[in-house]
Amino acid sequence: MTRNSGSDTVEVGGVVLAAGTSSRFEGGNKLAVELDGEPIVRRATRCLLRSRLEEVVVIVGFEADRIAALVEDLPVAVRRNERFSEGQSTSVRTGVDHAVDRGWSAAVFGLGDMPFVDPTTVDSLIEAHENSEGSILWPSFEGERGNPVLFSGEHFDALRSVTGDRGGRRLVETHPGSTPVPVDDPGVIRDVDRETDLD
């Protein structure tokens, strides 16, 4: 189920990476932990849905059925990454496969453990993409690089070739088209790795 209707092309879609094992979190699968009465992964997904993104897909892996159930009533697609244990790169690859299948020209990759991002930040990345400010766009808060990250379609092949647990970070760090988008949103640098991160 997606929000896009009546159009054969999607300019920018969103990918929620939600397949990890929460290995550093003390209380089980962190994506299912409630924050203000709502599971973390659901909050992170709703951030993308509240932006201008035309479609959103959630990539699940570890405890796939459990995580998928937390977003099943939202207007998103869900795609399984059976190789999630090999690292985040496999989820990025699964997201790119979905983007290519759906004909997206760019994709915003968000993390399922980052529930504090403001939707206006995603819109700022989309606007920068529309203004051709860079082919890789990432939010910068007080000089610190954050997430989510927008990759234009020219990088999809490169993202499919990444390995391990770094996702697209090497591209972000080294590609000349990688461009910061200043935002007033501390949520872009706040993820949930440990229970104390919820305080």
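1. In this note a residue is called buried when its relative accessible area is under 20%, exposed when that area is over 50%, and partly exposed in between, with a 1.4 Å probe and protein chains only. By that rule Asp-36 is exposed, because its relative accessible area is 70%. Asp-36 is found in the loop between β2 (34-35) and β3 (38-39), and Asp-36 has a positive phi of about 55° although it is not a glycine. Glu-63 also has a positive phi, of about 50°, and is not a glycine; Glu-63 sits in the loop between β4 and α2 (64-71) and is partly exposed, with a relative accessible area of 33%.

2. The model is a predicted one, in which local features need pLDDT of at least 70 and side-chain atom pairs count only at pLDDT 80 or more, while totals for chains, interfaces and linings use all residues. Residues are numbered from 1 along each chain as its sequence is written, and side-chain values use heavy atoms, with hydrogens and water left out.

3. On the chain as a whole, the secondary structure comes to six helices and ten strands, where helices (H or I, at least four residues) and strands (E, at least two) are DSSP runs numbered from the N terminus. Of the 199 residues in the protein chain, 53% are buried. If a contact is taken as heavy atoms within 4.5 Å, then residues 24 or more positions apart account for 72% of the contacts with a separation of 6 or more. The accessible surface, from the Shrake-Rupley method with a 1.4 Å probe and, for residues, with only the protein chains shown counting as cover, comes to about 9200 Å², of which 42% belongs to carbon and sulfur atoms.

4. Rolling a probe the size of a water molecule over the atoms shows where empty space is left. A cavity here is a set of points, on a 1 Å grid over the protein atoms alone, where a 1.4 Å probe fits but cannot get out, and its lining residues have an atom within 4 Å of a point; grid points are joined across faces, edges and corners, and the volume is the space filled by probe spheres set on the points. The structure holds one cavity of 30 Å³ or more, and the largest cavity has a volume of about 70 Å³. Its lining is made of Val-16, Ala-44, Cys-47, Leu-48, Gly-110, Leu-111, Met-114, Val-117, Asn-147 and Pro-148. The elements that give two or more residues to this lining are α1 (40-49) and β6 (104-111), with α1 giving the most, three residues.

5. The lining residues of the largest cavity divide into eight nonpolar, two polar and no charged, on a scheme that counts Ala, Val, Leu, Ile, Met, Phe, Trp, Tyr, Cys and Pro as nonpolar, Asp, Glu, Lys and Arg as charged, and the others, Gly among them, as polar. Two lining residues, Asn-147 and Pro-148, are joined by a cis peptide bond with omega of about 10°, and Pro-148 is found in the loop between β8 (144-145) and β9 (149-152).

6. Helix α1 is mostly covered, eight of its ten residues being buried; among them are Ala-44, Cys-47 and Leu-48, which also line the largest cavity.

7. Side chains of opposite charge can pair when their charged atoms come close. With a salt bridge defined as a side-chain nitrogen of Lys or Arg within 4 Å of a carboxyl oxygen of Asp or Glu, the structure holds 14 salt bridges. Glu-130 pairs with Arg-52, the closest N and O atoms being 2.5 Å apart; Glu-130 lies in helix α4 (residues 119-130) and Arg-52 in the loop between α1 and β4 (55-60), so this pair ties together parts that are 78 residues apart in sequence. Glu-38 forms a salt bridge with Arg-42 at 3.4 Å between the closest N and O atoms, and both Glu-38 and Arg-42 are buried.

8. Arg-160 forms a salt bridge with Asp-97, with the closest N and O atoms 2.9 Å apart; because Arg-160 lies in helix α5 and Asp-97 in helix α3, the pair ties together parts that are 63 residues apart in sequence. Leu-159, also in helix α5 (residues 156-160), counts as buried at 0% relative accessibility. Beyond residues up to four places away in sequence, Leu-159 touches Val-92, Val-96, Phe-109, Phe-151, Gly-168 and Leu-171.

How values were computed
On a 1 Å grid over the protein atoms alone, a cavity is a set of points where a 1.4 Å probe fits but cannot get out, and a pocket is an open set with protein on both sides within 12 Å along at least five of seven lines; lining residues have an atom within 4 Å of a point.
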